[in-house]
Amino acid sequence: MALSVETLQVSYEVVYSPTQNEKNLCAKMTASAKKLFVKTYGCQMNVYDSERMVEAMQNVGYSLTEDVNDADMILLNTCHIREKAAEKVYSELGRYKTIKQEKPDLKVAVAGCVAQAEGEEIMRRQPLVDMVVGPQSYHRLAELEKTAHEKGRAIDIEFPQDDKFSYLAERSKAKRAPSAFLTVQEGCDKFCAFCVVPYTRGAEVSRPVARILDEARALVERGVCEITLLGQNVNAYHGEGPASREYSLAGLIWELDKIDGLERIRFTTSHPNDMRQDLIEAHANCAKLMPYLHLPVQSGSDRILKRMNRSHTAQSYIELIAKIREARPDMLLSGDFIVGFPEETDADFEATLNLIKQVNYGQAYSFKYSTRPGTPAAERDQLPERIKTERLRRLQDLLSTQQRALQDSMVGRDVSVLFEKSGRFEGQLVGKSEYLHAVHVAAPSENIGKLQAVRIIQSNSNSLTGDLI
Ligand code: 5AD
Ligand code: SF4
């Protein structure tokens with residue numbers, strides 16, 4: 001499924017078509033000789049990383065192509081979160097066999113979490129791969145490409161201590177789409193029993209405040225007015241600030257709030273246990289911080305939460321949601337859910353449905369449990385596929401009913417829309433409301449990149465329609 005990044009908020013196991021920024025870079029680089037084809041899988045952090053890798057390769061003479069047959073280098077930025085996501089990479093690589101036979105000089109690179117998790121094994125399984133580069137080594141991509149040309153193969157899956165982004169080229173000067181991602185934190189120390197992230201992305205590292213502010217200002221100069229701060233566990237952010245003082249995510253948000261021209265701030269994704277009071281207060285008091293919160297809970301059963309090593313209970317999550325809603329009554333909540341985790345009984349599953357009913361989600365992502373090698377839950381007795389399928393269907397039915405009801409309740413309300421691009425129909429633009437709903441409006445194209453007040457007049461299957469006020 002090829003979806004454009006603009007249609008997604010938090011999404012997993014998707015393949016991203018080139019972002020507007022990559023297209024801008026592409027337009028700028030068409031004169032160069034060597035062509036780079038990039039395919040990005042997984043979360044927004046991979047989208048951000050791909051943009052940075054494209055910029056790095058641009059500096060050594062590559063230009064972007066959307067035609068894989070035209071490429072001198074193919075870069076797959078991969079996701080390892082569930083088995084399906086990892087397998088997609090191998091089937092994609094298989095498709096490149098004939099291209100590689102016809103073009104022996106073509107270099108194929110696998111980056112991202114599959115690279116980190118499987119390392120050299122990728123080259124054994126698929127010998128056409130020339131480069132394997134883990135998520136902490138992107139700053140070495142150009143060097144690795146050179147090595148691959150000289151020696152045939154190159155691999156780097158080290159975990160250096162430093163902020164890899166500080167070694168990457170400065171952000172491109174090309175004009176950007178109005179909404180951008182900015183990675184501020186990487187890795188995770190939580191070790192949920194199902195999750196590969198602590199192994200593939202390593203321990204939690206926060207980028208220093210000054211570097212983030214520089215990058216945010218540079219993005220704003222290039223036309224960005226909405227920034228989504230990214231991190232595997234972004235609300236655990238604890239970066240070094242001025243006078244060596246440690247800044248929380250709320251502290252960072254208040255610094256970003258001072259940047260003129262930056263109109264909206266978002267962050268994703270968060271762990272309930274790191275939802276500190278100062279961040280909840282920022283949601284109440286910082287006008288630029290949008291009323292949308294992705295706060296995965298995974299299960300509503302305390303027994304399963306314990307077996308997942310989540311270190312929170314269903315009740316503590318519900319109390320936290322109440323506190324957040326007290327601070328920001330119109331907060332739209334989004335979550336992640338896993339069904340069919342080992343030992344999950346019907347009663348455990350009912351507890352998850354119950355939690356969902358209590359919270360009322362406006363957006364959600366749900367998955368069947370998938371065994372990941374090396375994680376504790378992979379060693380346990382597994383539930384039959386048929387049970388997982390049935391539970392996922394029931395869970396998704398409930399979530400989509402909630403989502404739809406919440407979206408329908410927007411009709412008649414006034415929202416602020418950041419217009420991002422033209423819509424499918426002549427004279428129509430598409431943008432996002434503060435609640436991340438996609439909104440279609442008949443409006444002149446000068447509004448792209450601007451925030452406008454819009455009255456919602458209709459709720460469609462996956463979007464809203466409104467009129468400029
Ligand atoms: N199986 C199914 N879903 C998973 N997730 C993470 N690991 C697994 C797994 N092994 C889901 C969680 C997480 C989201 C990024 O992916 O819900 O929040
Ligand atoms: Fe994975 Fe998120 Fe748990 Fe970290 S907090 S281990 S990233 S699910």
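This is a predicted model: local features need pLDDT of at least 70, side-chain atom pairs count only at pLDDT 80 or more; totals for chains, interfaces and linings use all residues.
Two strands pair if DSSP finds at least two bridges between them.

View 1. Strand 19 (residues 414-422) and strand 20 (residues 428-432) run antiparallel and are joined by four bridges. Within this pair, leucine 418 stands opposite lysine 432 of strand 20. Both strands belong to a closed barrel of five strands, in the order 19-20-21-23-22, with mixed pairing. On average, neighbouring strands of this sheet are turned by 55° against each other, direction ignored.

**View 2. Strand 6 between its partners.** Strand 6 covers residues 107-112; because six of its six residues are buried, the strand is largely enclosed by the rest of the structure. Strand 5 (residues 73-78) runs parallel to strand 6, and six bridges join the two. One position to look for is isoleucine 74, whose bridge partner in strand 6 is valine 108. Strand 7 (residues 131-133) also runs parallel to strand 6, with three bridges between them. Here alanine 111 has valine 133 of strand 7 as its bridge partner.

**View 3. Helices 13 and 14 side by side.** Two packed helices are described by the angle between their axes and the distance between the axes. For helix 13 (residues 314-327) and helix 14 (residues 346-359), the axes come within 11 Å and cross at roughly 10°. Because angles under 35 degrees count as roughly parallel, helix 13 is roughly parallel to helix 14. From helix 13, the residues Ala314, Tyr317, Ile318, Ile321 and Arg325 meet Leu355, Gln358 and Val359 of helix 14.

View 4. Asparagine 233 sits in the loop between strand 12 (226-230) and strand 13 (238-240). With 2% relative accessibility, asparagine 233 counts as buried, because buried means under 20% relative accessible area. Its contacts, leaving aside neighbours within four places in sequence, are Gln185, Gly187, Cys188, Lys190, Glu204, Thr269, Ser270, His271 and Asp274. Serine 409 is 176 residues away from asparagine 233 along the chain, and their C-alpha atoms are separated by 31 Å.

**View 5. Confidence along the chain.** The protein chain has a mean pLDDT of 92, and 92% of its residues reach 70 or more. Over residues 1-14 the pLDDT is below 50, and this stretch has 48 contacts in the model beyond near neighbours in sequence.

Methods. Residues are numbered from 1 along each chain as its sequence is written. Chains are lettered from A and ligands numbered from 1 in the order in which they are written. Side-chain values use heavy atoms; hydrogens and water are left out. pLDDT is the predictor's confidence in each residue, from 0 to 100. Contact means heavy atoms within 4.5 Å. Buried means under 20% relative accessible area, exposed over 50%, partly exposed in between (1.4 Å probe, protein chains only). Axes are lines fitted to C-alpha atoms, for helices over the stretch in contact, and angles run from 0 to 180 degrees between N-to-C directions. Angles under 35 degrees count as roughly parallel, over 145 as roughly antiparallel, 65 to 115 as roughly perpendicular and the rest as oblique.
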